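Hi,

Here is the structure I said I would pass on.

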Amino acid sequence: MANLDSVLTETRVFPPSKDFVAQANVSGPEGYQALCDEAERDFEGFWARLAREHIQWAKPFTRTLDESNAPFYKWFDDGELNVSANCLDVHVDNGRGDKVAIIFESDDGKTTQVTYRDLLARVCRFANGLKALGYKTGDRSIIYMPMSVEAVVAMQACARLGITHSVVFGGFSAKSLQERIVDVGATLVITADAQQRGGKTIPLKPAVEEAFGLGGCEAIRNVVVYKRADVAGNWEEGRDVWMHDVEAGQSDTCEPVIVNAEHPLFILYTSGSTGKPKGVQHSSAGFLLWAHLTVKWTFDLKPDDVYWCTADVGWITGHSYIAYGPLAAGATQVVFEGVPTFPNAGRFWDMIQKHKVSIFYTAPTAIRSLVKAAEGSPEHHPQKYDLSSLRVIGSVGEPINPEAWMWYYKNVGGERCPIVDTWWQTETGGHMITPLPGVTPLKPGSCTTPLPGIMAAIVDETGGDVELGKGGFLVIKRPWPAMIRNIWGDPERFKKSYYPEELGGTYYLAGDSANRDTDGYFWIMGRVDDVLNVSGHRLGTMEVESALVSHPLVAEAAVVGRPDDLTGEAIVAFVVLKKARPDDAEAAEIAKDLRAWVAREIGPIAKPKDIRFGDNLPKTRSGKIMRRLLRVVAKGEEVTQDVSTLENPAILDQLGKAL
Ligand code: WT7
């Protein structure tokens with residue numbers, strides 16, 4: 001969470017260079033203002049124009065926005081298209097088939113190039129193979145794969161057939177995978193035998209077996225397996241089939257299935273304030289439009305750029321800014337299998353130099369860890385590499401602290417590249433508040449101003465506008481094409497989470513608190529709900545708590561976030577055991593055990609950094625856990641708040657003691 005005092009006293013401003021402005025897709029304050037004015041003047045006309053210019057429609061739409069069943073908004077909903085045809089065929093059909101679509105670099109440094117023509121052929125062969133297995137429009141698939149060309153092929157092939165995919169991050173546990181298989185009602189799983197990361201081969205298919213073992217996955221007819229490492233494992237004839245066998249003998253052409261604009265392209269699970277992750281449902285046309293357009297606007301993409309987004313396809317960033325947006329925009333992009341620190345801390349810089357990357361998009365947590373690594377091994381400092389190909393660099397996932405921003409700006413961007421600090425969410429489908437590199441004077445730590453057509457504002461608890469300089473809830477006042485359409489199978493939760501009555505029921509509530517300075521710049525302060533942001537990954541406190549209490553030794557648990565220099569926030573868990581409070585030696589053992597347990601239940605990213613044991617938790621007389629106090633205790637600070645409503649104030653001392 002950003003520190004309010006430090007960010008609001010930030011006075012440095014970095015305007016774009018004249019040269020950059022002169023060549024930018026959106027150029028200068030006039031270019032930006034013209035688009036904003038157009039959206040203000042004729043909101044629907046603005047979006048309709050962009051949708052006509054950026055999407056190849058099989059059947060043109062005549063209705064732009066349908067608000068009749070708000071907040072279940074529909075966009076372009078009598079139009080028809082195919083998303084994969086808009087990402088691949090458009091380029092091949094227009095003489096760009098030989099352009100490189102993907103430069104894949106494996107963990108061990110091997111490079112493969114795939115042209116748009118090759119990628120289309122691969123997607124078609126795989127789609128034909130899936131069709132031969134009986135999969136069709138309306139089916140749902142789970143994709144549980146490492147970073148690979150094959151993961152992009154799998155997503156695009158599903159899009160080509162109108163199969164709604166749900167990608168599960170390869171770092172999630174078998175249990176998380178099983179919950180998603182069940183919730184989404186999948187009939188197909190596409191996975192890999194293993195993943196290759198940081199020089200290690202990590203089996204993946206066994207997690208699928210384990211997920212099936214947990215029950216409820218009987219609807220799955222096939223497990224398609226991409227062979228990455230040739231790791232033998234359990235193989236069920238008839239159900240399991242290699243990806244290359246699915247593709248074998250199939251034609252290089254596959255007629256794209258035309259779907260309605262609102263057809264669910266994908267469902268992606270993300271954490272909310274209750275224990276159960278939400279299946280965020282995205283549309284086809286609206287999502288595609290915004291993914292395409294923001295690549296052009298925010299990254300200023302040009303035909304000769306080499307673009308690299310370091311995210312994983314398991315997150316929304318990998319959907320919008322790897323699998324769909326850059327392809328729709330016809331970019332050449334790097335797809336990377338490995339990790340930033342293998343074989344050494346210079347991996348990213350080496351790859352930028354080698355592939356002449358010109359647009360680079362990564363997360364503050366990666367930047368912070370590389371700052372540390374560069375201090376520790378000066379030979380891998382970014383200044384040791386030729387990064388002169390870079391022209392735009394970006395940040396996503398959490399607030400970037402001004403120090404990390406300055407380091408990134410100087411050492412990676414050479415004080416020449418604008419940093420686009422992009423605020424958005426799984427639910428928004430694409431960038432919402434971000435600098436435009438040829439427009440916006442930058443302030444370190446601020447995501448600056450909303451994109452044209454995005455009506456962002458800060459309101460109080462009744463939905464009233466707050467004055468500049470006063471903090472409040474970040475909302476979006478009007479719908480936008482790439483917005484979440486529903487929570488899969490739970491429309492009530494959708495309404496309650498994002499369109500609460502308290503704010504009037506018509507504003508989209510982001511769940512972040514924010515502040516606006518006197519220049520109108522937005523400063524994101526962090527989540528206002530029970531959601532944590534650990535290394536840019538969203539986790540619900542309740543989700544971690546329910547994992548902890550499912551351990552046989554645990555009676556009760558409360559989880560809070562604590563600011564962390566490296567991961568942004570760190571998870572601190574307060575645990576009451578069913579037996580007496582353990583002594584230090586035993587506590588260390590149990591804590592280790594609980595960490596491993598949480599990793600098995602959710603995934604390693606959810607492991608608490610710090611676990612404290614108490615005889616009880618701080619509760620009010622009505623039994624409510626006082627998390628506010630736990631957050632103070634977790635930071636190691638003294639509790640100065642009023643504790644008179646606490647039933648058991650003495651417990652705070654006990655919980656204040658770190659292991
Ligand atoms: C939450 C959304 C955006 C795709 C990856 C994360 C935080 C995201 C920023 C930013 C400050 C940011 C917010 C948001 N966040 N980007 N540039 N500055 N905070 O997507 O997992 O859905 O998480 O990440 O708190 O609500 P997500």
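I'll start with the aromatics: a search of the whole structure turns up 39 aromatic pairs. The rings that count are those of Phe, Tyr and Trp (its six-membered ring), with centres within 6.5 Å; planes under 30 degrees apart are called stacked, over 60 edge-to-face, and the rest tilted. One of the pairs is phenylalanine 299 with tyrosine 307, edge-to-face at 5.5 Å centre to centre and 70° between the planes. Phenylalanine 299 has 0% relative accessibility and so counts as buried, and tyrosine 307 is buried as well, also with a relative accessible area of 0%. (Buried is under 20% relative accessible area, exposed is over 50%, and partly exposed is in between, with a 1.4 Å probe and protein chains only.)

Another edge-to-face pair is tryptophan 349 with phenylalanine 360, at 6.3 Å centre to centre and 65° between the planes. Tryptophan 349 sits in helix α13 (residues 347-355) and phenylalanine 360 in strand β18 (residues 359-362), so this pair ties together parts that are 11 residues apart in sequence. Both tryptophan 349 and phenylalanine 360 are buried. Helices (H or I, at least four residues) and strands (E, at least two) are DSSP runs, numbered from the N terminus. There is also a ring cluster, in which ring pairs link Phe43, Phe46, Trp47, Trp57, Phe61, Trp75, Phe76, Trp290 and Trp297.

Before going on, a word on the ground rules. This is a predicted model, where local features need pLDDT of at least 70 and side-chain atom pairs count only at pLDDT 80 or more, while totals for chains, interfaces and linings use all residues. Residues are numbered from 1 along each chain as its sequence is written, and side-chain values use heavy atoms, with hydrogens and water left out.

Most residues other than glycine have a negative phi, and most peptide bonds are trans. Phenylalanine 76, a member of that ring cluster, has a positive phi near 55°. It lies in the loop between β2 and β3 (80-81) and is buried, with a relative accessible area of 0%. Aspartate 230 also has a positive phi, of about 55°, in the loop between β11 (222-226) and β12 (240-242); this residue is exposed, with a relative accessible area of 54%.

Cis peptide bonds to check:
- Alanine 70 to proline 71, with omega near 5°; proline 71 is in the loop between β1 (65-66) and β2 (74-75).
- Phenylalanine 342 to proline 343, with omega near 0°; proline 343 is in the loop between β17 (332-336) and α13.

Next, strand β24 (residues 508-516). Eight of its nine residues are buried, so the strand is largely enclosed by the rest of the structure. It pairs in the antiparallel sense with strand β22 (residues 472-476) over four bridges, and with strand β25 (residues 522-527), again antiparallel, over five bridges.

The largest share, four residues, comes from α16. In total 20 residues line the pocket, and Ser273, Lys496, Ser497, Leu509 and Asp529 lie nearest its centre. Which kinds of residue make up the lining? It divides into seven nonpolar, four polar and nine charged.

Last, the cysteines: which cysteine sulfur is closest to that of cysteine 124? It is the one in cysteine 254, 5.3 Å away and too far for a bond. The structure holds zero disulfides, a disulfide being a pair of cysteine sulfur atoms within 2.5 Å. Cysteine 124 counts as buried at 1% relative accessibility, and cysteine 254 does too, at 4%.

Cheers

Methods
Two strands pair if DSSP finds at least two bridges between them. On a 1 Å grid over the protein atoms alone, a cavity is a set of points where a 1.4 Å probe fits but cannot get out, and a pocket is an open set with protein on both sides within 12 Å along at least five of seven lines; lining residues have an atom within 4 Å of a point. Ala, Val, Leu, Ile, Met, Phe, Trp, Tyr, Cys and Pro count as nonpolar, Asp, Glu, Lys and Arg as charged, and the others, Gly among them, as polar.
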